[in-house]
Amino acid sequence: MNFDNIDTPAALIDITRMQKNIARMQAQMNMLGVAFRPHVKTTKCIDVVRAQIAAGARGITVSTLKEAEAFFAAGITDILYAVSIAPSKLPRALALRRQGCDLKLVVDNAAAAAAFAEFGREHQETFEVWIEIDTDGHRSGITPEQDTLLEVGRILHEHGVNVGGVMTHAGSSYELDTPHALAALAEQERAGCVRAAQRLREAGIPCAAVSVGSTPTALAARQLDGVTEVRAGVYVLFDLVMRNVGVCSLDEIALSVLATVIGHQPDKGWAVLDAGWMAMSRDRGTSKQSHDYGYGQPCALNGTPLSDYVVSGANQEHGILSPVGAQPPHDDIIQRFPIGTKLRIMPNHACATGAQFPEYHAFSADGGVAVWARFQGW
């Protein structure tokens, strides 16, 4: 690929890899017999999401109302806002629904459920609300056997709110790294969410949707009885954390940051890049995993990893490229990476790195490069 005309730092998407990742996940969902609702927070890019929908995705998941508004404006109507919404944001949610957006909201506590019910009554709007279930203690939600589950369900149901389903996210899967452990957590995630739906139904509260998902558990799941849909996001690009988890290889990572060598510190064995943490993000998710990739894995322009080097440090606009292990002779770094050399850096966390850029440069196997807009904000 010829990237000479792209200013650095820049976010690159390898379209061939991205398409393979999309096809792999969709094939897994088809095999398991469930609908797939991708989480679009990873890319926040309509070009990527159109490729996911073309492959068979049904609806999308978002993490901000800005995403919901932007994707609805682009013609996507089936949207799950998978973060417990602050009551102050309900007017924006109402505006989307009044415009025809099939927006589903999420709640995990009685106070928020009561606020939904009151706001809906005041504005004569029947919101569709899903209840978040905690199946692994990772973050938020109500555990399947908690009394709070039925309390929240009753508050919603008895006050005219449509309880559309339950949803969960096994975020602790990012801490695992064996197929057996991932499969076990996928089953725990499935069983817990299905159990929560069962309890609601037995209490006379409708609960049609049972939504589970994270990239690792989606790819590790062996059966999804009782589940209606799966959500996953980072799979579309993958990253170094996912490589350490074991669900992708380096040559499946579709996102990289194009960077240029702008200086050297030969006594330290360093080359200095124009991509610091403002480009790579401060995410150091691999630091607690089996392989610490620093701030990113450097690659040649053709995507081949330079396994003997790592981006070991970063300031706001400077990245430090240094050798792994023993220091080479001082002049090696200058000879190997002269000023002006361009490299691609694979990121620790695709969502965080993508968030640093307003656009992607998406390149295809035939050498074409397209600019894909990416939106930001909440």
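The model is predicted: local features need pLDDT of at least 70, side-chain atom pairs count only at pLDDT 80 or more, and totals for chains, interfaces and linings use all residues. Residues are numbered from 1 along each chain as its sequence is written, and side-chain values use heavy atoms, with hydrogens and water left out. Helices (H or I, at least four residues) and strands (E, at least two) are DSSP runs, numbered from the N terminus.

**Helix 5**

- Helix 5 covers residues 110-123, which is 14 residues.
- At 1.5 Å a residue it should span 20 Å, and its end C-alpha atoms are 20 Å apart, which agrees. The expected span is 1.5 Å times one less than the number of residues.
- Its buried residues are Ala110, Ala112, Ala113, Phe116, Ala117, Phe119 and Gly120. Buried means under 20% relative accessible area, exposed over 50%, and partly exposed in between (1.4 Å probe, protein chains only).
- These buried residues pack against helix 4 (90-98), strand 5 (102-107), strand 6 (128-133) and helix 6 (147-158). Contact means heavy atoms within 4.5 Å.
- Asn109 caps the N-terminal end of helix 5, with a side-chain oxygen 3.3 Å from the backbone nitrogen of Ala111.
- Gln124 follows helix 5 and has a positive phi, near 50°.

**Helix 6**

- The twelve residues of helix 6 should span 16 Å at 1.5 Å a residue; the end C-alpha atoms are 17 Å apart, which agrees.
- Leu149, Leu150, Val152, Gly153, Ile155 and Leu156 are the buried residues of helix 6.
- They pack against strand 5, helix 5, strand 6, strand 7 (162-168) and helix 7 (179-202).
- His157 lies in helix 6. At 36% relative accessibility, His157 counts as partly exposed.
- His157 touches Val163, Gly204, Ile205 and Pro206, not counting residues up to four places away in sequence.
- His157 and Ala113 are 44 residues apart along the chain, and their C-alpha atoms are separated by 9.8 Å. Ala113 is one of the buried residues of helix 5.

**Helix pairs**

- Two packed helices are described by the angle between their axes and the distance between the axes. Axes are lines fitted to C-alpha atoms, for helices over the stretch in contact, and angles run from 0 to 180 degrees between N-to-C directions.
- Helix 3 (residues 65-73) packs with helix 4 at an angle of about 15°, and their axes are 11 Å apart. That makes helix 3 roughly parallel to helix 4. Angles under 35 degrees count as roughly parallel, over 145 as roughly antiparallel, 65 to 115 as roughly perpendicular, and the rest as oblique.
- Helix 3 and helix 4 make a left-handed crossing. A crossing is left-handed if the near helix is turned anticlockwise from the far one by less than a right angle, and right-handed if clockwise.
- On helix 3, Leu65, Lys66, Ala68, Glu69 and Phe72 meet Arg92, Ala93 and Leu96 of helix 4.
- The axes of helix 1 (residues 15-32) and helix 2 come within 9 Å and cross at roughly 40°. That makes helix 1 oblique to helix 2.
- Helix 1 passes helix 2 in a right-handed crossing. Met18, Gln19 and Ile22 of helix 1 and Val48, Ala51 and Gln52 of helix 2 make the contact.

- Gln26 is in helix 1. Gln26 is buried, at a relative accessible area of 6%.
- The side chain of Gln26 reaches the backbone nitrogen of Ala57 at 3.3 Å. Leaving aside neighbours within four places in sequence, Gln26 is in contact with Phe36, Ala55, Gly56 and Ala57.
- Arg37 sits in the loop between strand 2 (35-36) and helix 2 (46-54). Arg37 is buried, with a relative accessible area of 3%.
- The side chain of Arg37 makes a polar contact with the side chain of Asp78 at 3.0 Å. A polar contact is a pair of N or O atoms within 3.5 Å; within protein, one must be able to donate a hydrogen and the other to accept it, and residues adjacent in sequence count only if both atoms are side-chain atoms.
- A polar side-chain atom of Arg37 also lies 3.3 Å from the backbone oxygen of Ile60.

**His291**

- His291 is in the loop between helix 10 (277-280) and strand 12 (297-299). Its relative accessibility of 36% counts as partly exposed.
- His291 touches Arg243, Asn244 and Thr286, not counting residues up to four places away in sequence.
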